[in-house]
Each structure stands twice: as C-alpha cells, then as structure tokens.
Amino acid sequence: MNKILSILAKVLAAVVLVSALVYYNFIDKVEATEGVEVGDICPNFTVQTIVNDGETFSLSEETFTLYEHTGKVRIVNFWATWCGGCIAEMPDFNRFAVDYPEVEVITITCKPYETADVFTWLTTQKPEWTDYTLTFGYSEGEMLNRTLGAKKGSLPMTVILDKDGKIVFNKEISRDYEQLKELVLPLL
C-alpha cells in the first residue's frame, strides 16, 4: 500500500512539474505577446471617462472612443494608483496636453490593476489633478494595455498613434515632457 502511494505521489509530482513547464514555456508566452505592435493599426476601444467638479473625481456617463479621434495624433497612457512611475509622469502628460491641444492625450487606469478606489484616491491624494486638461479614462474590467501589447502588470505604458491610427510607439516605461516632444512633434 505504501509503495502504491509513493508511486502515485511521484506521478502526481511529475504531472505538476510538466504542467508548470508547459505553462511557463508556451502558454504564458503566448498570453504575454498578445496584442498589437508598432506598425499595426490600433484597435478601437471605448472607456468611460473620469470627471472632476473642481473638488472630487467620479465616473462620468461620457465615454472616450479611440476612433472618434481619428485624424489626430493620440497618446494613450496606462497608469495605476500604486505605480510610482505612473504618478511621476502624469504632470508631464498634462503639460503636453496643455501645450499641444491638437494632440489627444488620454490616460487610462484599468480596474483589475487597482488596489484602491481610484476616485477616492484621486480626490484625496492628488487634488491638484482637478486642474488637469488631459482626459482620464477608466476601464472596468478589460485590460486594454494587454490588448495594446503590454506584458502582464507592466506599468506605466505609453502608446502613441499617428493621425491614421498606426502605432508608432509602444513601450512600458515612464516618459517625461521632453521625450514626449521628441516622439510626437514629428508626427504633427
């Protein structure tokens, strides 16, 4: 009886090991590379917008649909409340939106990434952002950054689209104002 249990335990351990190897060497890699790449036309998406009344942030009834802004250069940035790099780059994205109103700048947080109530966090932790002119977007469940080529959990992420909707930049790294100018101004 002990010999049978020993054999079953070894077989079970082997099955678990093989399953883990298959997952991490094949399945996980497929998931991580899903989405579009530089040179592809960006797929359309719609997110709800976050609005503020000068004091608090809340979810709006209005939406942002990417294809409604065709003909404009677009910057799509993904962020989360817990991401230090995301928070640090936000003033640069807003400054860019103010200085170049012909460029559509939207910064999106996706609920699956959030560990805090994003509206309360924005209101209490970043009240100065109520003056921002860039568009804040919110995705309830869809991991749009994955659709646009991000790896799991990689934030911040910036995607830049030319006027025709072609992806010209797609990186998971913080960007500052000067870097945004270098990437976007040649597209105008």
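Here are some notes on this predicted model, for someone opening it for the first time.

1. Ground rules. In this predicted model, local features need pLDDT of at least 70 and side-chain atom pairs count only at pLDDT 80 or more, while totals for chains, interfaces and linings use all residues. Residues are numbered from 1 along each chain as its sequence is written, and side-chain values use heavy atoms, with hydrogens and water left out.

2. The overall layout. The protein has five helices and seven strands; helices (H or I, at least four residues) and strands (E, at least two) are DSSP runs, numbered from the N terminus.

3. Of the 188 residues in the protein, 41% are buried. Here buried means under 20% relative accessible area, exposed over 50%, and partly exposed in between (1.4 Å probe, protein chains only). The accessible surface comes to about 10100 Å², and carbon and sulfur atoms hold 56% of that; the areas come from the Shrake-Rupley method with a 1.4 Å probe, and for residues only the protein chains shown count as cover.

4. Contacts along the chain. Take the contacts (heavy atoms within 4.5 Å) with a separation of 6 or more: 72% of them are between residues 24 or more positions apart.

5. The core. A nonpolar core is a set of buried Ala, Val, Leu, Ile, Met, Phe, Trp, Tyr and Cys residues joined through side-chain atoms within 4.5 Å. The largest one has 50 residues, and Trp79 and Trp129 touch the most other members. Helix H2 (residues 84-99) gives the most to this core, with six residues. Leaving out residues up to four places away in sequence, Trp129 touches Asn52, Phe57, Trp79, Ile87, Met90, Trp121, Leu122 and Phe136.

6. Strand S6 and its partners. Have a look at S6 (157-161), where five of five residues are buried. Met157, Val159 and Leu161 point one way, Thr158 and Ile160 the other. S6 runs antiparallel to S3 (74-79), with five bridges joining them; two strands pair if DSSP finds at least two bridges between them. One of these bridges links Ile75 to Ile160. S6 is also antiparallel to S7 (residues 167-171), through four bridges, and Leu161 has Ile167 as its bridge partner there. The S6-S7 hairpin has five residues between the strands, and Gly165 takes a positive phi near 90°.

7. Helix H5. Which residues of H5 (residues 177-184) are buried? They are Tyr177, Leu180 and Val184. These cover an arc of only 60° around the axis, so they sit on the same side of H5; the arc is that of the directions from the helix axis to the C-beta atoms. The buried residues of H5 pack against S3, H2 and S6. At the N-terminal end, Asp176 caps H5, with a side-chain oxygen 3.2 Å from the backbone nitrogen of Glu178.

8. After H5. Leu187 is in the segment that follows H5 and counts as partly exposed, at 23% relative accessibility. Leaving out residues up to four places away in sequence, Leu187 touches Val73, Ile160, Asp162, Lys163 and Val168. The C-alpha atoms of Leu187 and Val168 are separated by 9.3 Å, with the two residues 19 apart along the chain.

9. One more spot to check. Thr65, in strand S2 (residues 57-65), is buried with a relative accessible area of 11%. Beyond its neighbours within four places in sequence, Thr65 is in contact with Asn44, Phe45 and Thr46.

Notes
A polar contact is a pair of N or O atoms within 3.5 Å; within protein, one must be able to donate a hydrogen and the other to accept it, and residues adjacent in sequence count only if both atoms are side-chain atoms.
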